[in-house]
Amino acid sequence: MKNRGTDYTRREFLATSTTGLVSVGLVSLSPRMAFGQDVKESAERPEAEIIYRQLGKTGLKLPIVSQGAGACNDAGVIQASYELGVRHFDTAANYQFGANEQLVGDVVRRMGVRNKVAIASKIYTPRQRRNLNEKQAKKKLATLLEGSLRRLRTDYVDILYIHDVSTTEIVNDPVITETMKHLKRQGKVRYIGFSTHANMTEVLNEVARTGAWDVVLTSINFTMADDTDLLKAIANAAKKGVGIIGMKVMAGGSRWPNPDSRREYSSSTIATASLKWVLRNENITTVIPGYNNHQHMKEDFSVAGNLEYTEEESNLLSDNSIKLGMGFCRQCRTCLASCPRDVDIPTLMRTHMYAAQYANFHLARATLDDIPRQNSLRTCSSCDICVAQCANTVDIRRRIEELKVMYA
Ligand code: SF4
């Protein structure tokens, strides 16, 4: 593949990673970049030293707070994040229908910092991998990656995830595994992994067992503190050298007008408490909170040098009404068996979270489109049988009705 001016650096980078630790962003920073017209506010670094952790056996060292750039449409926020100390940007081929990869790629290229940041992307969604034979699957994976590289304006991604995996069948699929390894050998991908929102425990345990994959991006937040199986699976995978990155770390609840959580606590406290809860687990290398403005960027990155709870944060985390008030759907699938029409309730709940809580309508649409027609919104008759099955007080009925208004 034609190199675009980073070949020497990349080879050097790759060579270093095979022999020892690679520190992303340990190179001293240049002063504020000259092309700062997109920077609307200056990005001040936190006073405390930024904490770095190693991403499993990859050897990559990352600051504990990264940017989930998926909903971001402001180049200035991405640039300011880099200036603040963020060194890992998470995107996906289908975020904003490809425009998000373009944005991340443009900023990184314009700043000339490709060799100082880790870019993670995701391809091969459930819909894209449906009903493919071996030849088609190989071709699809390769074609999707080429599209991502083109949009990201780079010749390699640091982490490439298979997008949205909830079965061990995918983890063990020989065609996917071999094709991803092949892309790695070609130097187009440095590390391979899965993103998982549902059945995370099984996916993590299987990845740990096989030893064939480098990274898992898993849903984890304080409302799941009682899920000891998941916490054990994270610990087990980390012990086996799998790099663990956390997503959904704020339970979708810090920055939406949820009166139950806002009554006693500011959105800033909810955000920092949520991030600290995840990051105090040292098996988790870094987290990817999604933000799209300078204020949220600063709030999120403020924990990168200090994981001590304030009194208010401790109070929030021990307040059970907050956990219940957030109504986070942990994608446990308990409700699925109760539905006489096979509606994919967990994925609909995730769609609702993206639309109503993240205000990320592109992602909501893409998630909805991943549900086979026969299991989606129109099939739901609003019989309410599922509601009683949910132990996590997810307001399934209201959320489905709202989705019907938006999308049916
Ligand atoms: S709605 Fe409730 S029961 Fe259904 S997947 Fe979500 S948390 Fe589990």
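## Ligand shell

The ligand is surrounded by Cys-329, Arg-330, Gln-331, Cys-332, Arg-333, Thr-334, Cys-335, Pro-346, Cys-390, Asn-392, Val-394 and Ile-396. A residue is near a molecule if one of its heavy atoms lies within 4 Å of it. By class, this shell has seven nonpolar, three polar and two charged residues. Nonpolar covers Ala, Val, Leu, Ile, Met, Phe, Trp, Tyr, Cys and Pro; charged covers Asp, Glu, Lys and Arg; polar covers the others, Gly among them.

## Basis of the model

This is a predicted model, where local features need pLDDT of at least 70, side-chain atom pairs count only at pLDDT 80 or more, and totals for chains, interfaces and linings use all residues. Residues are numbered from 1 along each chain as its sequence is written, and side-chain values use heavy atoms, with hydrogens and water left out.

The rule asks for a side-chain nitrogen of Lys or Arg within 4 Å of a carboxyl oxygen of Asp or Glu.

One of them joins Arg-350 and Asp-164, at 2.9 Å from N to O. Arg-350 lies in helix H14 (residues 345-357), while Asp-164 lies in the loop between strand E7 (157-162) and helix H5 (168-171), so the pair ties together parts that are 186 residues apart in sequence. Helices (H or I, at least four residues) and strands (E, at least two) are DSSP runs, numbered from the N terminus. Arg-350 is buried at 6% relative accessibility. Asp-164 is buried too, at 12%. Buried means under 20% relative accessible area, exposed over 50%, and partly exposed in between (1.4 Å probe, protein chains only).

## Arg-397 and its two partners

Asp-384 and Arg-397 form a salt bridge, with their closest N and O atoms 2.8 Å apart. This pair links distant parts of the chain: Asp-384 sits in the loop between helix H15 (361-369) and helix H16 (396-407), and Arg-397 sits in helix H16, 13 residues apart. Asp-384 is partly exposed, at 31% relative accessible area. Arg-397 is also partly exposed, at 35%.

Glu-401 forms a salt bridge with Arg-397 as well; here the closest N and O atoms are 3.4 Å apart. Both residues lie in helix H16, four residues apart, about one turn of the helix. Glu-401 is partly exposed, with a relative accessible area of 29%.
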